[in-house]
Amino acid sequence: MPEPVVVVENLTRKFGDFVAVDHISFTVQPGEIVGYLGPNGSGKTTTIRMLLGLLKPTAGHALVLGFDSFRQSEQVRARCGYMSQKFALYDDLTVIENLTFYGGVYGVTDKTLIAETLARVGLSRHEREMTRSLSAGWRQRLALSIALVHRPKLLFLDEPTSGVDPTARRKFWDLIYGLAAEGVTVLVTTHYMDEAEYCERVGIMRDGKLLALDQPARLKQETISGEVWEVHAQPLERALQALERAEGVAHVGLAGDHLRVVVQHPQAEAALRWALQAAGVTVALLTPGEATLEDVFLALARN
Amino acid sequence: MTQPLAKALHLRKTFGQTLAVDDLSLEVAAGEIYGLVGADGAGKTTTIRLLVGALRPDSGQIEICGYDLKRQVEQARAHIGYLSQRFSLYEDLTVLENIRFFAEVRGLSAEEWRPRSLEILEFVGLEQFTERRAGQLSGGMKQKLGLAIALVTRPRLLLLDEPTTGVDPATRQDFWQLIIRLVSDPPKGAGEGVAVIISTPYMDEAARCHRLGFMRSGRFLMEGTPGELRSALKERILELRGEPLTILRQAAEEDVDVEEAHAFGDRLHLRVRPGAAPAVIARLPDHIRARGGRVDDLRLIPPGLEDVFIALSKSED
């Protein structure tokens, strides 16, 4: 088994009385794409800042690429790429000038390497454009190129896709898959539930605690024990109330334009229909569904 | 049709060289939840700020409940409730004091604000926390208080600017249930019906709106009900499962009838040309097997709004 790229043990960070990260432990293997899922304020960014040695842990420790993340933070940062939530680009510089500037910060001055990095993220044709005129999707790719310019083995991406449209998000993920295929390990945070499905393993954070970390399919199997049903019915709100009270229903929630119900017992279809009809709800469609990471998150958050 | 609660015609707004909103028109009727869906910079926030009268359009017209927002500002604004992306509460005031403050700013008298506040707090589920300081509330409760404040004037038109971005899924669920209840079963005093205009970057939330507009570069790429938008891609999205993903993808991209292939977790979603689904389902598995791949499943799936958005937005490259 290869050496893990990241080993985290009991990592904790307090700000005054507030526990931002609460005794989390996990390891990451080379070439993995690990997602870190959680709402704002759940401790995702604080964790990354500790792994990069930017913030001192209150307790516990982390080894990143074999170095102690806090005591040997320079070695860590020299070998890791980091794209932060609010990446700072110079708006009044061109694309290539931005990358050249940040390359210099990492000691990369080779023009070929810089050109290759731009090509890697698909921005070669735009190297002379002013950064301020770039779309959100392109800015994000420029920020990624900056994180990649020194050829890191490990890449930290902190909510890289916030605020970009679905087309740009999918393209960005195609780039991430490409990097992972080349052996780069990727740790990425997101608050998009669907995006976490793209990762090989997903950690779910809430209130500073790592509630679970596993493959999406295993998280679903282990957390959602019953069946999932998709309910298209009118009026929606009455259907929701009826199902909340129905026997054996573990959870019911809105899913797009319909409801998703997680039931504890198998063969729930008849019981669901009965509960809906008794409440005077018209059922248009009742079909078995697949559990999502949102179901997992909601189930874990309730416990 | 009854008079629309919000009507905008040919709105245009520039900031310096940037065209933020470009010839945008929309109409929203009572009982509707209308979604503005798009990325940062698409023009969602500017549109909302134009509709609440916080910004003036360069050209175009806005009517709120029949009042011209330019010439009858007071009457128009009296019907508007607004929750901005970064609303602020007074953390050292209690829940009730916060509502009182904002109610008085909006010109409600002491006799009016108290009964309304209690009614609205019950509606959002904060009736037991009237004396708690806002700083002591959880994120979800703060958001509900923000909503209560926007509702205390009994607006007929509620504008919500990305209220759920980055918010806990459990809180998002609660929030949406309130919005749906607000339009389907409005609290007392809004008897003639309420409309909501909400902006969001989440496609699952977009699907909850009665009608929505996909925004890009200040314009609507397309507007309609979720069903209408999805029907544009009916029988054109296939889900492909198997291994390894790289071979599946190469084979799919080589197929002349496949317009786009994207990884979606452990599977691929393919968009095929109109009418080509049966042919692709018939031939693609053989191509994959010939390359040494394995196909577990290849089938038509109902298109999602994300598929529609991607198909609509012309590639930037």
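How many residues of domain 1 of chain A are in contact with how many residues of domain 2 of chain A? In this predicted model, 12 residues of domain 1 of chain A meet seven residues of domain 2 of chain A, and the legends below begin with that contact.

**View 1. The two domains of chain A and the area buried between them.** Chain A is divided into domain 1, residues 6-214, and domain 2, residues 226-302, and the centres of these two domains of chain A, taken over C-alpha atoms, are separated by 37 Å. Between them, domain 1 and domain 2 of chain A bury about 750 Å², and 82% of this area lies on carbon and sulfur atoms. Of the area that domain 1 of chain A buries against domain 2 of chain A, 57% is supplied by A:Met193, A:Ile204 and A:Arg206, more than by any other three residues.

**View 2. The side of domain 1 of chain A that touches domain 2 of chain A.** Between domain 1 and domain 2 of chain A there are zero salt bridges, and one residue pair is in polar contact, with both residues at pLDDT 80 or more. Helix 7 (193-196), strand 9 (201-206) and strand 10 (209-214) of chain A each supply at least two residues of the side of domain 1 that touches domain 2, and strand 9 of chain A gives the largest share of that side, four residues. By class, the residues on this side of domain 1 of chain A are nine nonpolar, one polar and two charged.

**View 3. The interface of chain B and chain A.** Here 39 residues of chain B are in contact with 38 residues of chain A, and the area buried between the two chains is about 3,400 Å², of which carbon and sulfur atoms give 50%. Eight salt bridges are found across the interface of chain B and chain A; among them is the one that B:Arg216 forms with A:Asp165, in which the closest N and O atoms are 3.3 Å apart. Between chain B and chain A, 10 residue pairs are in polar contact, with both residues of each pair at pLDDT 80 or more.

**View 4. The side of chain B that touches chain A.** Two or more residues of this side come from each of helix 6 (169-184), helix 7 (203-206), strand 12 (258-264) and helix 11 (305-312) of chain B, and helix 6 of chain B gives the largest share, eight residues. The side of chain B that touches chain A is made up, by class, of 14 nonpolar, nine polar and 16 charged residues.

**View 5. An open sheet of four strands in chain B.** The strands of this sheet of chain B stand in the order 2-1-4-5, with antiparallel pairing. Strand 2 (18-28) and strand 5 (67-68) of chain B each have a single partner strand and stand at the edges, so one side of each is left without a neighbour in the sheet. Strand 1 (residues 6-15) and strand 4 (residues 59-64) of chain B pair in the antiparallel sense over five bridges; in strand 4 of chain B, B:Gln61 is the bridge partner of B:Leu9, while B:Ile62 stands opposite B:Ala8.

**View 6. The hairpin of strand 4 and strand 5 of chain B.** These two strands of chain B pair in the antiparallel sense over two bridges, and B:Asp68 in strand 5 of chain B is the bridge partner of B:Glu63. The hairpin has two residues between the strands, and B:Cys65 takes a positive phi near 50° there.

Definitions and conventions:
Residues numbered from 1 in each chain as written. Chains lettered and ligands numbered in written order. Predicted model: local features only at pLDDT ≥ 70, side-chain atom pairs only at ≥ 80, totals over all residues. Heavy atoms only, no water. Pairing = 2+ DSSP bridges. Domains from an automatic or database assignment. Contact = heavy atoms within 4.5 Å. Buried area = accessible area lost by both parts, 1.4 Å probe. Salt bridge = Lys/Arg side-chain N within 4 Å of Asp/Glu carboxyl O. Polar contact = N/O pair within 3.5 Å; in protein donor to acceptor, adjacent residues only side chain to side chain. Nonpolar A, V, L, I, M, F, W, Y, C, P; charged D, E, K, R; others polar.
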